[in-house]
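Here is a briefing on one protein chain. Look over the sequence and the structure, then read the points below.

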Amino acid sequence: MKLLEGPKTLRKLGVGGEATHHQAGAPILEVKGVSLRYETGLALDDVTFRLQAGERVAVVGPNGAGKSTLFKVIAGVSAPTSGEVRVAGYKPGGHICIAYLPQRSQVNWNFPVSVADVVMMGRVGRLGTLHWPSGQDWSFVRTCLEAVGLERLSGRQISELSGGQQQRMFIARGLAQEAELLLMDEPLNGLDVTSQQIIFQVLDELRSKGVTVMIATHDLDQAGEYFDRVMLLNRRLIGFGLPGEVFSASRLMEAYGSHLRIVKAEEGFVALGDSCCEDGEGG
């Protein structure tokens with residue numbers, strides 16, 4: 001099964017087209033000195049970086065490192081204590097080009113809604129709260145479902161989907177939103193290899209059209225193999241760049257501390273960390 005019909009399908013989806021309310025020449029994402037403090041302590045500490053259109057970045061770090069918190073700040077869900085976030089030159093609040101895909105554990109899968117209904121939720125920002133979806137909108141939703149290979153499951157209740165299908169449904173929602181920046185929190189956790197490969201095929205097509213993707217993950221090997229750059233985070237930014245540069249033994253030990261064992265192998269250093277667990281709130 002071919003998941004995307006290449007540029008033709010993506011043009012139909014409106015992905016990679018001319019964006020509105022974007023500052024010419026501005027990076028798709030710029031984070032400047034962002035810190036966030038809860039009553040329980042500092043969740044993010046002076047984080048600064050920028051991304052260009054079409055990049056795919058893995059955000060890695062131990063549980064409680066602030067990965068989920070960073071995504072929520074970028075999406076405008078949480079406000080930083082200090083610093084600022086700019087998406088295409090503007091503040092993120094109400095910016096409809098951002099699609100935030102939370103961890104599956106944070107979703108109520110028993111909620112009585114179909115796959116197509118969830119994908120249609122991505123159109124709300126463009127429709128406005130007082131407008132009902134038109135036939136054209138539903139046609140657009142079907143095109144989004146076809147793009148991720150879920151067109152035959154459009155009427156299915158979301159609890160009946162497999163983990164990989166659930167993630168593809170959320171990607172389709174991002175397509176329906178015509179998002180240019182996807183924030184995906186642990187989307188590959190618990191999926192088999194085949195499901196992961198299908199998702200990467202979809203992401204490859206999106207990258208070819210300039211869609212930027214940030215994915216939080218615990219899998220260091222996967223981060224090094226499938227991503228353009230990696231971000232090593234433990235409340236503060238420990239490293240950001242090419243995997244071979246960031247995943248040094250000293251930086252990994254700084255990020256993970258006692259939760260990580262560094263093993264010397266023929267191909268270099270292999271990190272054995274706490275990859276079995278999902279982030280909790282503020283992860």
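Helices are DSSP runs of H or I with at least four residues, numbered from the N terminus. Gln 196 has its place in one of them, helix H7. The model is predicted. Its protein chain has 10 helices and 11 strands.

**Confidence**
- The protein chain has a mean pLDDT of 81. In this chain, 81% of the residues reach 70 or more.
- Residues 1-20 stay under 50 in pLDDT. The model still gives residues 1-20 a total of 38 contacts beyond four places in sequence.
- Residues 265-270 also have pLDDT below 50. That stretch has nine contacts in the model beyond near neighbours in sequence.

**Overall build**
- The protein chain has 283 residues, and 54% of them are buried.
- The accessible surface of the protein chain is about 13,200 Å². Carbon and sulfur atoms account for 49% of that surface.

**Cysteines**
- How many disulfides does the structure hold? The count is zero.
- A disulfide is a covalent bond between the sulfur atoms of two cysteines.
- Cys 97 has 3% relative accessibility, so this residue counts as buried, the cut-off being under 20%.
- Cys 144 is buried too, at 0% relative accessibility.

**Aromatic pairs**
- The count of aromatic pairs comes to four.
- One of them joins Phe 200 and Tyr 226. Their ring centres are 4.5 Å apart, and the planes meet at 15 degrees. Planes under 30 degrees apart count as stacked, so this pair is stacked.
- Which parts does the pair tie together? Phe 200 lies in helix H7 (residues 193-208), and Tyr 226 lies in helix H8 (residues 220-226). The pair therefore links parts that are 26 residues apart in sequence.
- Is Phe 200 buried or exposed? At 3% relative accessibility, Phe 200 is buried.
- Tyr 226 has a relative accessible area of 22% and is partly exposed.
- Phe 227 joins Phe 200 and Tyr 226 in a cluster linked by ring pairs.

**Charges over rings**
- Arg 56 lies over the face of Phe 227, 5.8 Å from the ring centre. Phe 227 belongs to the cluster with Phe 200 and Tyr 226.
- Arg 123 places its charged end over the ring of Phe 140. The distance to the ring centre is 4.4 Å.

- Gln 196 has a relative accessible area of 14%. The cut-off for buried is under 20%, so Gln 196 is buried.
- What does Gln 196 touch, leaving aside residues up to four places away in sequence? The answer is Leu 188, Leu 191 and Gln 222.

**Met 169 in helix H6**
- Met 169 is in helix H6, which covers residues 163-176.
- Met 169 is buried, with 0% relative accessibility.
- Leaving out residues up to four places away in sequence, Met 169 touches Trp 109, Val 115, Val 118, Val 119, Leu 150, Ile 158 and Leu 161.
- Met 169 and Ala 116 are 53 residues apart along the chain. Their C-alpha atoms are separated by 8.5 Å.

Technical notes:
Residues numbered from 1 in each chain as written. Predicted model: local features only at pLDDT ≥ 70, side-chain atom pairs only at ≥ 80, totals over all residues. Heavy atoms only, no water. Helix = DSSP H or I, 4+ residues; strand = E, 2+ residues; numbered from the N terminus. Buried < 20%, exposed > 50% of the residue type's maximum accessible area, 1.4 Å probe, protein only. Areas by Shrake-Rupley, 256 points an atom, 1.4 Å probe, with all protein chains shown as cover. Disulfide = S-S within 2.5 Å. Phe/Tyr/Trp six-rings, centres within 6.5 Å; stacked < 30°, edge-to-face > 60°. Lys NZ or Arg CZ within 6 Å of the ring centre and 35° of its normal. pLDDT = per-residue confidence, 0-100. Contact = heavy atoms within 4.5 Å.
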